[in-house]
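Student: Please walk me through reading pockets and salt bridges in a model like this one.

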Amino acid sequence: MGTRLYVIPASHPATTAALMLDFKGIPYKRTDLMPVVSKVALRVVGFPRITVPALRIDGEKVQGSREIARALDRIKPDPPLFPADPERRAAVEDAERFGDAELQHPIRQLLWWGFKHDKENLRGYSEGAKLGVPIGLAIKTGGPLVALSAHFNEAGDANARAALAALPDLLDRVDAYIADGTIGGAEPNAADFQIATSIGLALTLDDLKPMIESRPAAALAHRYVPNYPGHTPPILPPAWLPAAPAAA
Ligand SMILES: N[C@@H](CCC(=O)N[C@@H](CS)C(=O)NCC(=O)O)C(=O)O
């Protein structure tokens, strides 16, 4: 049985799983799912949970970016996604957990807040995806799915604003992991792939770019996801955004 990765186009953890499969040199087929519809589709094909990434490999069903990292290392140990040294492994696992549990979601919420306010932006994020319907039609009729996704991701004004306010500290954490060598080293590890995709996705939002682009975090994203699909032109209320530094 072949390897198949189930994704939602431009999903950052799904991109993490794709990068890890490529790193391992494991060929796979990709199934693109529409948000919300994905929840039902994943259950129909036998996954226990309702989120992507979901991977079918060697007859096993593995779901979640962190679970997939461990399954791939078990199935094909070389090249490794985690260092052999226990202390270094613990540091990578800490950074990976941070990327999954703390960094992913605020960026997801800002993205869905943006789609809720202009669903036309979905087009770029779906580039190259095979959704079973023409993308123009999916966008035209996609209002209810966007509203539901924004709802499921709790991407209302208050949470989007809180996500934006949290971003500088989250980016400081990423820069600190790079500075102490946990990520950003010569060889990538699971935390590199986990974190780079969230930063890559954040960089597709013009409103977030100024907060990120001069940071080491941006270089990490350019290295691993140089062509992250999608673009959200300025859309957040200016009052939410940090003031631009005064001209000298
Ligand atoms: N922390 C999980 C995140 C999984 C997750 O929330 N994935 C989103 C896409 S980024 C999803 O499947 N959402 C379902 C939907 O939008 O309907 C992981 O890294 O695997």
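Student: Which residues lie nearest the centre of the second largest pocket?

Tutor: The general idea first: rolling a probe the size of a water molecule over the atoms shows where empty space is left. A pocket is an open set of points on a 1 Å grid over the protein atoms alone, where a 1.4 Å probe fits, with protein on both sides within 12 Å along at least five of seven lines; lining residues have an atom within 4 Å of a point. Here, 22 residues line the second largest pocket, and Ala-10, Thr-15, Ala-18, Arg-30 and Pro-229 lie nearest its centre. This is a predicted model, in which local features need pLDDT of at least 70 and side-chain atom pairs count only at pLDDT 80 or more, while totals for chains, interfaces and linings use all residues. Residues are numbered from 1 along each chain as its sequence is written, and side-chain values use heavy atoms, with hydrogens and water left out.

Student: What is the volume of the second largest pocket, and which elements supply its lining?

Tutor: A volume is the space filled by probe spheres set on the points, which are joined across faces, edges and corners. For the second largest pocket this gives about 340 Å³. Strand E1 (4–7), helix H1 and strand E2 (29–32) each supply at least two lining residues, with helices (H or I, at least four residues) and strands (E, at least two) taken as DSSP runs numbered from the N terminus. Five residues, the largest share of that lining, come from H1.

Student: How do the lining residues of the second largest pocket divide by class?

Tutor: Ala, Val, Leu, Ile, Met, Phe, Trp, Tyr, Cys and Pro count as nonpolar, Asp, Glu, Lys and Arg as charged, and the others, Gly among them, as polar. The lining of the second largest pocket has 15 nonpolar, three polar and four charged residues.

Student: How much space lies in the largest pocket?

Tutor: The largest pocket holds about 820 Å³. Of its 40 lining residues, Ile-8, Ser-11, Pro-35, Arg-108 and Trp-112 are the closest to the centre. Several helices supply at least two lining residues each, including H1 (12–24), H3 (65–75) and H4 (86–117). H4 gives the largest share, seven residues. By class, this lining has 23 nonpolar, 12 polar and five charged residues.

Student: Now for salt bridges: how many does a search of the whole structure find?

Tutor: Look for a side-chain nitrogen of Lys or Arg within 4 Å of a carboxyl oxygen of Asp or Glu. The search finds 13 salt bridges. One of them joins Lys-24 to Asp-73, with the closest N and O atoms 2.4 Å apart. Lys-24 belongs to helix H1 and Asp-73 to helix H3, so this pair ties together parts 49 residues apart in sequence.

Student: Is Lys-24 buried or exposed?

Tutor: Buried means under 20% relative accessible area, exposed over 50%, and partly exposed in between (1.4 Å probe, protein chains only). Lys-24 is buried at 1%, and Asp-73 is buried at 15%.

Student: Which residue forms a salt bridge with Glu-67?

Tutor: That is Arg-49, with the closest N and O atoms 3.5 Å apart. Glu-67 lies in helix H3 and Arg-49 in the loop between H2 and strand E3 (54–57), so the pair ties together parts 18 residues apart in sequence. Glu-67 is partly exposed at 36%, and Arg-49 is partly exposed at 39%.

Student: Which residues are linked in a network of salt bridges?

Tutor: The network links Arg-70, Arg-89, Glu-93 and Glu-96.
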